[in-house]
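Work through the exercises below with the sequence and the model at hand. Each task is followed by a solution in steps.

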Amino acid sequence: MPERLELDEYFMAIARVVAGRSTCLHRQVGAVLVHDKQIVSTGYNGAPSGRRHCLDIGCARQGVPSGQRSELCRAAHAEQNAINFAARYGISIEGATLYTTHYPCSWCAKSIVNSGVAQVVYGEDYPDPLAKEILSAIQVRSIGTLSETETGDHAPSENSATDQGNGD
């Protein structure tokens, strides 16, 4: 019998699939907002609706080091898009968990805290000390890199989502 994925692994795998829609030339990021073990919103990084994508016209941050001058980026980030989608359709994310393939930047961190998200679970780190300071207001944890998750070499956190049944 195949092993069943833990909920953290399940939602992070979905975030990685969502990242596949990214139009960023440098980093493909996916985010999944989960409330009561149900996905309520997703987002990936890309240009605002109706605008041309970096894939089509190039990156406005070409040559700028990672984690610097994020105001130059024309894309909306994955976390912003997930939060914005929920807001647009009146979906409450108060107390939700955000699964994201990468640690959020400081711009996204502000939105995450202000939107009422209670927890962030991320896969890859991102070099933004201000984001870490902002997100210290909520629970944040890593479930490890893609290779650790795929090989099962990480130990689940004691705060991992637990499966208490989902009608199956």
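Contact here means heavy atoms within 4.5 Å. The model is a predicted one.

**Exercise 1.** Find which elements the buried residues of α3 pack against.

Solution. Start by listing the residues of α3 that are under 20% relative accessible area, the cut-off for buried. These are Ala 78, Glu 79, Ala 82, Ile 83 and Ala 86. Next, look at their directions: they lie on the same side of α3, because they cover an arc of only 135° around the axis. The general rule is that an α-helix has 3.6 residues a turn, so residues three or four places apart point the same way.

**Exercise 2.** Determine which exposed residues the opposite face of α3 carries, and what follows the helix.

Solution. The face turned away from the buried side of α3 has Ala 87 and Arg 88 as exposed residues. Just after α3 comes Gly 90, with a positive phi of about 70°.

**Exercise 3.** Describe the largest nonpolar core and the elements that give two or more residues to it.

Solution. The core has 23 residues, and Leu 33, Ile 93 and Leu 98 are among those with the most contacts inside it. Two or more residues come from each of β1 (30–35), α3 (78–88), α4 (106–114), β4 (119–124) and α5 (129–134). The largest share, four residues, is that of α3. A second, separate core has 10 residues, including Phe 11 and Val 34.

Terms used:
Residues numbered from 1 in each chain as written. Predicted model: local features only at pLDDT ≥ 70, side-chain atom pairs only at ≥ 80, totals over all residues. Heavy atoms only, no water. Core = buried A, V, L, I, M, F, W, Y, C linked by side-chain atoms within 4.5 Å. Buried < 20%, exposed > 50% of the residue type's maximum accessible area, 1.4 Å probe, protein only. Arc of directions from axis to C-beta.
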